[in-house]
Amino acid sequence: YLWQTPTPPPGTGSQADPYQIRQMADLVWMGDNVGSSSGQYYTVQNDIDASATTNWYGGAGFMPIGTNGIPFMGVFDGNGYKVSHLTVSTDGCAGLFGRVEGEVVNLGVVDVNITSSGSPVGSVAAWNYGTLACCYSTGAVSGNESVGGLVGYNGYGCDVTYCYSTGGVSGNSSVGGLLGYNDYGTVTDCFW
């Protein structure tokens, strides 16, 4: 199966010297090291073309950064750049991030093809138990339950602010253009 060898990005992960994310190999490295993401900072340095993910793992595509058991707990700043043409196809939670318990800001995830026979599913994050701000997504998202264009499941007391999503979203239960299911989280100045 085709896939991308993880590459440690430049930087130390501190606020003053964040990890500098430039390519898919850096995002794969983030996923492989998500267990040590707490208190770490990541900044995107340029647009990232994820077209190659359509052929990874026999069509399964990119493995999300973080899972329900091992969430992403750092601060990820997209710097206004975008990840484009991302493919994720799984039977569990699906998105660029599997579960966020930190912050994801200033990021576009565009022209996605994200599918799952399970749940939740969202372009930027399947589960959000942290903060998403100034993010947007476009493309096709489909799943079973808690399926959203941007976020599949937004947890209690968690924030989605200044975000939007356009594109096709389909599922069987709790389906929305922006969020699939909002569990008393805060959604402010968003549209879909």
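A residue counts as partly exposed when its relative accessible area falls between the buried limit, under 20%, and the exposed limit, over 50%. The model described here is predicted. In this model, Met 63 has a relative accessible area of 42%, so Met 63 is partly exposed. Met 63 is found in the loop between E3 and strand E4 (75-77). Together with Trp 3 and Tyr 57, Met 63 makes a nonpolar surface patch of about 320 Å².

The largest nonpolar core holds 43 residues. Within this core, Leu 27, Met 30, Phe 62, Phe 76 and Phe 97 touch the most other members. Several elements each supply at least two residues of the core: strand E1 (19-21), helix H1 (24-32), E2, strand E7 (97-100) and E9. H1 gives the largest share, five residues. The contacts of Phe 62 were also listed, leaving aside residues up to four places away in sequence. Phe 62 touches Met 24, Leu 27, Val 28, Thr 53, Trp 56, Leu 86, Thr 87, Val 88 and Leu 96.

Charged pairs were then considered. Side chains of opposite charge can pair when their charged atoms come close. A search of the whole structure finds two salt bridges. One joins the side chains of Lys 82 and Asp 47, at 3.2 Å from N to O. This pair links distant parts of the chain, with the partners 35 residues apart. Lys 82 belongs to strand E5 (residues 82-84). Asp 47 sits in the loop between strand E2 (41-44) and strand E3 (48-49). Lys 82 is partly exposed, because its relative accessibility is 30%. Asp 47 is also partly exposed, with a relative accessible area of 41%.

Another salt bridge is formed by the side chains of Arg 99 and Glu 101, at 2.9 Å from N to O. Arg 99 is buried, with a relative accessible area of 13%, whereas Glu 101 is partly exposed at 31%.

Ser 116 lies in strand E9 (residues 108-116). The relative accessible area of Ser 116 is 9%, so this residue is buried. A polar atom of the Ser 116 side chain lies 2.9 Å from the backbone nitrogen of Gly 118.

Note on methods: Residues numbered from 1 in each chain as written. Predicted model: local features only at pLDDT ≥ 70, side-chain atom pairs only at ≥ 80, totals over all residues. Heavy atoms only, no water. Salt bridge = Lys/Arg side-chain N within 4 Å of Asp/Glu carboxyl O. Helix = DSSP H or I, 4+ residues; strand = E, 2+ residues; numbered from the N terminus. Buried < 20%, exposed > 50% of the residue type's maximum accessible area, 1.4 Å probe, protein only. Polar contact = N/O pair within 3.5 Å; in protein donor to acceptor, adjacent residues only side chain to side chain. Patch = residues over 30% accessible without salt bridge, like charges linked within 9 Å, V, L, I, M, F, W, Y side chains within 5 Å. Areas by Shrake-Rupley, 256 points an atom, 1.4 Å probe, with all protein chains shown as cover. Core = buried A, V, L, I, M, F, W, Y, C linked by side-chain atoms within 4.5 Å. Contact = heavy atoms within 4.5 Å.
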